[in-house]
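Keep the viewer open as you read.

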6 protein chains.
Amino acid sequence: MSAKRIATVTPVSEEAATGKVAAVFADIKATKNITFVPNLWRVLATNPDHLELVWTRLKAIMHPEACGRASKLDPLVREIIALAVSATNGCAYCVNSHTAAVRKLGLDVEALGEVMAVVGLFNTTNSLADAYQIEPDILPPLE
Amino acid sequence: MSAKRIATVTPVSEEAATGKVAAVFADIKATKNITFVPNLWRVLATNPDHLELVWTRLKAIMHPEACGRASKLDPLVREIIALAVSATNGCAYCVNSHTAAVRKLGLDVEALGEVMAVVGLFNTTNSLADAYQIEPDILPPLE
Amino acid sequence: MSAKRIATVTPVSEEAATGKVAAVFADIKATKNITFVPNLWRVLATNPDHLELVWTRLKAIMHPEACGRASKLDPLVREIIALAVSATNGCAYCVNSHTAAVRKLGLDVEALGEVMAVVGLFNTTNSLADAYQIEPDILPPLE
Amino acid sequence: MSAKRIATVTPVSEEAATGKVAAVFADIKATKNITFVPNLWRVLATNPDHLELVWTRLKAIMHPEACGRASKLDPLVREIIALAVSATNGCAYCVNSHTAAVRKLGLDVEALGEVMAVVGLFNTTNSLADAYQIEPDILPPLE
Amino acid sequence: MSAKRIATVTPVSEEAATGKVAAVFADIKATKNITFVPNLWRVLATNPDHLELVWTRLKAIMHPEACGRASKLDPLVREIIALAVSATNGCAYCVNSHTAAVRKLGLDVEALGEVMAVVGLFNTTNSLADAYQIEPDILPPLE
Amino acid sequence: MSAKRIATVTPVSEEAATGKVAAVFADIKATKNITFVPNLWRVLATNPDHLELVWTRLKAIMHPEACGRASKLDPLVREIIALAVSATNGCAYCVNSHTAAVRKLGLDVEALGEVMAVVGLFNTTNSLADAYQIEPDILPPLE
């Protein structure tokens with residue numbers, strides 16, 4: 001990392017990657033069909049075992065077809081959930097990344113606004129339910 | 001509220017509701033096609049103006065068709081977002097309510113597990129991106 | 001603690017308190033003009049140094065007059081802030097405690113609804129500002 | 001958005017606003033007595049219905065007098081609550097905006113420190129009450 | 001689950017477990033040297049793939065020796081981190097579980113109080129740093 | 001603050017510090033064995049009483065030996081807890097500060113990865129336990 005600080009640790013560059021790290025970097029680019037390794041993975045590579053653990057989990061959950069597994073969720077729905085979680089947590093890196101993903105999957109700016117409206121609304125009702133300590137309604141069992 | 005405390009304030013019962021509160025209660029039951037008024041709304045009714053404000057927002061965002069507005073999001077997707085936000089915030093009332101809603105809209109227990117897997121995964125990557133203070137990747141502009 | 005679990009550790013009872021713990025317990029009851037020691041303090045008493053550190057800080061901030069210090073904030077405003085923070089964090093113990101406090105200081109149920117409306121509103125706008133990663137407006141310097 | 005990225009979407013400029021968006025922009029400037037439209041609203045304008053929903057709700061809660069409604073809360077208290085919520089959520093945009101608002105309403109830097117002391121204190125006690133899973137004290141009913 | 005609701009879905013009992021679920025349940029009990037399967041795993045078992053993903057990650061991170069991997073962290077330190085995260089998030093299930101774990105590993109009630117003091121303190125300074133939007137100090141590079 | 005904005009208020013410079021503020025600044029540098037006053041303290045100094053309260057708490061908890069008090073926790077463990085809390089809260093200032101501290105105390109980049117793995121893992125399980133509203137396991141009493 002020559003010029004600019006991008007994390008509290010020095011990310012591993014693609015050129016410097018060897019062994020397990022190089023293999024994961026290659027799998028990330030192939031699975032996601034992208035031409036660079038995003039910063040998150042380059043930072044996690046400072047501990048190669050951790051990199052592999054997070055990547056294999058993300059691959060299994062977000063790219064089930066690449067793992068030979070069927071999914072009942074649409075890829076866009078998975079990315080919308082990722083964005084909703086990231087927005088609620090206020091994670092800058094993740095909001096940027098998942099906004100790019102939902103846009104790439106076809107969600108236009110107006111529909112993004114609908115997603116955000118739902119995210120914003122339930123951040124209100126969550127805080128209100130907690131603020132008044134409201135107990136769950138008694139509903140018939142779910143199953 | 002005779003027997004059991006369900007909030008930090010005494011919820012307004014359906015029988016006691018008058019005026020603006022009675023009108024909102026009726027609209028909630030009609031719009032959501034349910035036979036009772038959930039605790040959240042009975043508690044908000046302790047300030048009728050606030051009840052009306054929250055309900056009209058929720059109706060507009062979650063029931064756009066009832067407001068004569070088209071939506072690009074599927075009702076199940078909206079409820080999945082609501083559940084993802086509520087799970088991330090750890091709101092007991094809301095998790096119970098939105099789990100019931102997604103189940104009613106047809107999401108089975110295994111697919112619910114897929115939703116939760118995505119929620120859990122990005123709570124990890126959110127914390128990792130923040131933990132290392134990773135800066136957003138430089139991507140081509142979104143629009 | 002005979003019958004009922006109220007925390008992950010056994011709270012110190014008022015009868016069992018000695019030395020530093022007994023002194024803090026007495027100061028809590030005198031300063032707050034209450035007849036019992038709330039659970040929070042009985043639990044913190046499992047580490048007497050920590051009990052003292054938290055109590056002396058709370059006393060200084062929430063009861064400045066008892067420390068011979070003037071304050072520019074009204075006691076009700078301080079408790080409203082405490083409630084807003086607790087509601088936003090979803091802390092059951094604290095929401096109950098600070099709701100009781102604001103009510104005791106004269107905030108009626110309708111005005112409590114106004115406080116909650118503000119809390120709920122800004123949990124929405126906070127999540128929206130983060131969700132879109134909106135940068136601060138450029139304003140004239142504050143000082 | 002020519003030079004500088006300020007959000008994940010391109011904000012609507014005041015010059016480009018028409019119809020519903022232009023009307024809301026005008027109402028924001030008139031109600032808040034400001035000469036520009038803050039970034040939040042320009043970003044929300046990418047979905048005009050959402051812009052209108054958030055603005056009319058904020059106007060009703062934060063500017064009740066402009067809606068012909070009486071309020072039991074002082075404008076400064078409302079902004080202090082907004083700041084406490086924003087600080088607890090760690091929302092950069094909102095902290096900047098509401099700090100400017102409380103300062104404009106007369107809160108000096110030292111009194112701001114008192115507000116922050118209360119915010120900081122209860123972020124501690126909230127985490128401690130949760131950390132030990134302390135159950136609420138049994139108090140006489142609030143109403 | 002006959003008598004008591006313990007989650008929004010019906011947990012899988014040890015008796016009903018087959019195939020992948022039974023194998024993971026057995027591994028959990030062997031690795032953790034416990035005689036029952038905790039509720040978390042019984043609930044995750046409603047989606048067997050998800051159960052396996054979470055368990056294999058937790059096993060790799062929290063029980064590296066069982067995976068033939070060396071670790072630079074002490075088991076008690078790992079559980080203390082788990083408790084600190086759970087307390088900060090206010091997760092009831094996790095606080096209970098990890099408090100039990102640190103106690104089993106020898107942390108007494110007074111030392112637990114020291115851990116909690118650190119957790120509580122930095123929930124304050126975190127909120128203060130965010131509340132004032134304080135920028136990081138410029139420090140020499142970490143590496 | 002001439003050139004660069006580093007907070008919503010103007011930090012107090014070391015040169016401008018007098019009385020209580022100067023004394024705390026000197027104690028910070030002596031206790032932490034550093035040659036400058038970090039931004040956090042310079043900002044808190046805008047309310048000298050608050051500066052003193054936060055510093056004396058932090059000194060007592062993080063530097064017990066400087067207060068003549070024994071501790072059962074290792075200094076590195078205390079800083080690891082601080083980092084875990086800061087990462088979970090996503091506090092930029094604090095993550096930077098505590099990462100520097102754990103590195104200075106000898107934690108290398110790979111071991112930091114292990115800490116982060118634990119932080120990331122339990123942010124998942126916390127959200128899953130909340131997402132399914134899982135009740136605590138019934139365990140034998142802790143004491």
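Predicted model: local features only at pLDDT ≥ 70, side-chain atom pairs only at ≥ 80, totals over all residues.

Start with chain A, which splits into domain 1 (11-71) and domain 2 (73-132). The C-alpha centres of domain 1 and domain 2 of chain A sit 24 Å apart. Where the two domains of chain A touch, domain 1 puts in 10 residues and domain 2 puts in five residues. Together they bury about 550 Å², with carbon and sulfur atoms giving 46% of that area.

Which residues of domain 1 of chain A lose the most area to domain 2 of chain A? They are A:Leu40, A:Met62 and A:Ser71, and together these make up 66% of what the domain 1 side buries. On the domain 1 side, helix 2 (39-44) and helix 3 (48-62) of chain A are the elements that give two or more residues. By class, the residues on that side come out as six nonpolar, two polar and two charged.

Now step out to chain A and chain C. Turn chain A by 180°, with a shift of 0.0 Å along the axis, and it can be laid on chain C with an RMSD of 0.0 Å. That is the relation of a two-fold axis. The same surface serves both copies, as 100% of the contact residues of chain A recur in chain C.

The contact takes 20 residues from chain A and 20 residues from chain C. Chain A and chain C bury about 1,500 Å² between them, and 63% of it is on carbon and sulfur atoms. Here too the rule finds zero salt bridges, while five residue pairs are in polar contact across the interface of chain A and chain C (both at pLDDT 80 or more). On the chain A side, helix 5 (92-104) and helix 6 (109-131) each supply at least two residues. Helix 6 of chain A brings the largest share, 12 residues. The side of chain A that touches chain C has 11 nonpolar, eight polar and one charged residues.

Next, look at chain C against chain D. This contact takes 70 residues from chain C and 70 residues from chain D, and the two chains bury about 6,300 Å² between them, 68% of it on carbon and sulfur atoms. How many salt bridges are there between chain C and chain D? The count is four. If you'd like to zoom in, C:Asp108 forms a salt bridge with D:Lys72, and the closest N and O atoms are 2.5 Å apart. There are also 26 residue pairs in polar contact between chain C and chain D (both at pLDDT 80 or more).

Several helices of chain C each supply at least two residues to the side that touches chain D, including helix 2 (39-44) and helix 4 (75-89). Helix 6 of chain C gives the most, with 19 residues. The side of chain C that touches chain D divides into 40 nonpolar, 17 polar and 13 charged residues.

Finally, the whole assembly. Over all chains the structure holds 42 salt bridges. In one of the salt bridges, the side chains of F:Arg69 and C:Asp49 meet at 3.5 Å, N to O. F:Arg69 lies in the loop between helix 3 (48-62) and helix 4 (75-89) of chain F and C:Asp49 lies in helix 3 (residues 48-62) of chain C, so the pair joins two chains.

Conventions: Residues numbered from 1 in each chain as written. Chains lettered and ligands numbered in written order. Heavy atoms only, no water. Least-squares fit on C-alpha atoms with pLDDT ≥ 70 in both. Contact = heavy atoms within 4.5 Å. Domains from an automatic or database assignment. Buried area = accessible area lost by both parts, 1.4 Å probe. Helix = DSSP H or I, 4+ residues; strand = E, 2+ residues; numbered from the N terminus. Nonpolar A, V, L, I, M, F, W, Y, C, P; charged D, E, K, R; others polar. Polar contact = N/O pair within 3.5 Å; in protein donor to acceptor, adjacent residues only side chain to side chain.
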